[in-house]
Amino acid sequence: MVGFLLMFAMAHSGLAALRLSLEKRVGARLYRVGFALVSLTLAVAMIGYFLAHRYDGVQLWQVQNVPGIPGLVWILSAISFLFLYPATFNLLEIAAIQKPQVHLYETGIIRVTRHPQLWGQVIWCLAHTLWLGTSFTLITSLGLIAHHCFGVWHGDRRLELRYGPAFLAVKERTSVIPFLAILQRRQTFMIQEFFKLAYVGVAIFIGLLWWAHPWLYRAGSAIHW
C-alpha cells in the first residue's frame, strides 16, 4: 500500500509540477486528459487494493457494533466529500470540454479553508480508520494525509510562482486551517455561495456511493492480489 501511495504521489504531484511546461508542448486539453488518465488509473488500482486488504494487519479496535458509530461514520464520510469535491471546480474544465485553466478561487468553501481537499481527506481517513480499526487502514490513512499535507505546500508554491503578488493577496485573506481566516476577520463566510447546482451533484454522488457500498466491498473482496 505504501508503494501505491508513493507511485500516486509522485505521478500526481509530479505531473502537476510539470503542468506549465507540458501545456506549452501538448496543449491544455491534452495535458488534462493525460493527467486524468494517469491519476485515475493509479487511484482506481489503489482503491481496489485497499478494498481487498482493508482488514489486513492487526485489529487495533473494533467499534462497528457500538451504538452511534455507523451513523457517525456515514455523516463524517458525507462531510468529507463536500470538502473533497468543492463546487468551485469547473467540471467542464476537468473533463477538458472547456480549456482547462488555473484559477485563483476565493469563494464558497475556499473562504472556509484554502485547501478543502486536505480536510476532506483527513475527515474521510478518520471515519474509515475508526470504522475498520486495522493497522493496514491506519497506515493507508497516514500516507494519504501526508500526501495531502505535501500538496498544501506544493499547491501554494505553484500558485505563487504563477501569480506572484495576486496569490499572496489571496493567501493573506484565506487560511489552511478551517474557519481561521473567518474568525480572524480576514474573510467573510457567505452561506449563499453554497447554494449551487454543483453541490446537488455532490449530494447525489454521496447517495449513490452509499447505495453502492455493499457492491464495492464485494468487488474488493473478490480481488486477489
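Phe 179 sits in the loop between H9 and H10. The model that contains this residue is predicted. Its protein chain has 11 helices and zero strands, and 40% of the 225 residues in the chain are buried.

**The chain as a whole**

- Read from the N terminus, the elements of the protein chain run α-α-α-α-α-α-α-α-α-α-α.
- Of the contacts between residues at least 6 apart in sequence, 78% join residues at least 24 apart.
- The protein chain has an accessible surface of about 13,000 Å², and carbon and sulfur atoms account for 72% of that surface.

**Aromatic pairs**

- The count of aromatic pairs comes to 10.
- One of them is Phe 150 with Trp 153: the ring centres are 5.6 Å apart and the planes stand at 45°, so the pair is tilted, since that class lies between the cut-offs of 30 and 60 degrees.
- Both Phe 150 and Trp 153 belong to helix H8 (residues 135-163), where they are three residues apart, about one turn of the helix.
- An α-helix has 3.6 residues a turn, so residues three or four places apart point the same way.
- Phe 150 has a relative accessibility of 36% and therefore counts as partly exposed.
- Phe 179 and Phe 189 form another tilted pair, with 6.4 Å from centre to centre and 50° between the planes.
- This second pair links distant parts of the chain: Phe 179 lies in the loop between helix H9 (165-173) and helix H10 (180-183), while Phe 189 lies in the loop between H10 and helix H11 (197-222), and the two are 10 residues apart.
- Phe 179 is partly exposed at 41% relative accessibility, and Phe 189 is also partly exposed, with a relative accessible area of 38%.
- Ring pairs also join Phe 4, Tyr 49, Phe 50, Trp 124 and Phe 136 into a cluster.

**Helix H8**

- H8 contains 29 residues and spans 42 Å from its first C-alpha to its last, close to the 42 Å expected at 1.5 Å a residue.
- Buried residues in H8 include Phe 136, Leu 144, His 147, His 148, Val 152 and Asp 156.
- The cover over the buried residues of H8 includes helix H1 (2-17), helix H3 (28-53), helix H7 (116-132) and H9.
- After H8 comes Gly 164, which has a positive phi, near 60°.

**Nonpolar cores**

- The largest nonpolar core has 19 residues, of which Met 1, Met 46, Phe 50, Trp 124 and Leu 144 touch the most other members.
- H1, H3, helix H4 (69-84), H7, H8 and H11 are the elements that give two or more residues to this core.
- With five residues, H3 gives the most to this core.
- Leaving out residues up to four places away in sequence, Trp 124 touches Phe 50, Ser 80, Phe 81 and Leu 144.
- A second, separate core has seven residues, among them Phe 83, Ile 109, Ile 123 and Tyr 199.

- Glu 106 is located in the loop between helix H5 (91-94) and helix H6 (109-112).
- At 19% relative accessibility, Glu 106 counts as buried because the value is under the 20% cut-off.
- The side chain of Glu 106 makes a polar contact of 2.6 Å with the side chain of Arg 173, and a polar contact of 3.4 Å with the side chain of Gln 187.
- Apart from neighbours within four places in sequence, Glu 106 is in contact with Arg 111, Val 170, Arg 173, Thr 174 and Gln 187.

**Positive phi in residues other than glycine**

- Phe 179 has a positive phi, near 70°, in a residue other than glycine.
- Arg 185, likewise not a glycine, has a positive phi near 65°.
- Arg 185 is in the loop between H10 and H11, and its relative accessibility of 78% counts as exposed.

Definitions and conventions: Residues numbered from 1 in each chain as written. Predicted model: local features only at pLDDT ≥ 70, side-chain atom pairs only at ≥ 80, totals over all residues. Heavy atoms only, no water. Phe/Tyr/Trp six-rings, centres within 6.5 Å; stacked < 30°, edge-to-face > 60°. Helix = DSSP H or I, 4+ residues; strand = E, 2+ residues; numbered from the N terminus. Buried < 20%, exposed > 50% of the residue type's maximum accessible area, 1.4 Å probe, protein only. Expected span 1.5 Å × (residues − 1). Contact = heavy atoms within 4.5 Å. Polar contact = N/O pair within 3.5 Å; in protein donor to acceptor, adjacent residues only side chain to side chain. Core = buried A, V, L, I, M, F, W, Y, C linked by side-chain atoms within 4.5 Å. Areas by Shrake-Rupley, 256 points an atom, 1.4 Å probe, with all protein chains shown as cover.
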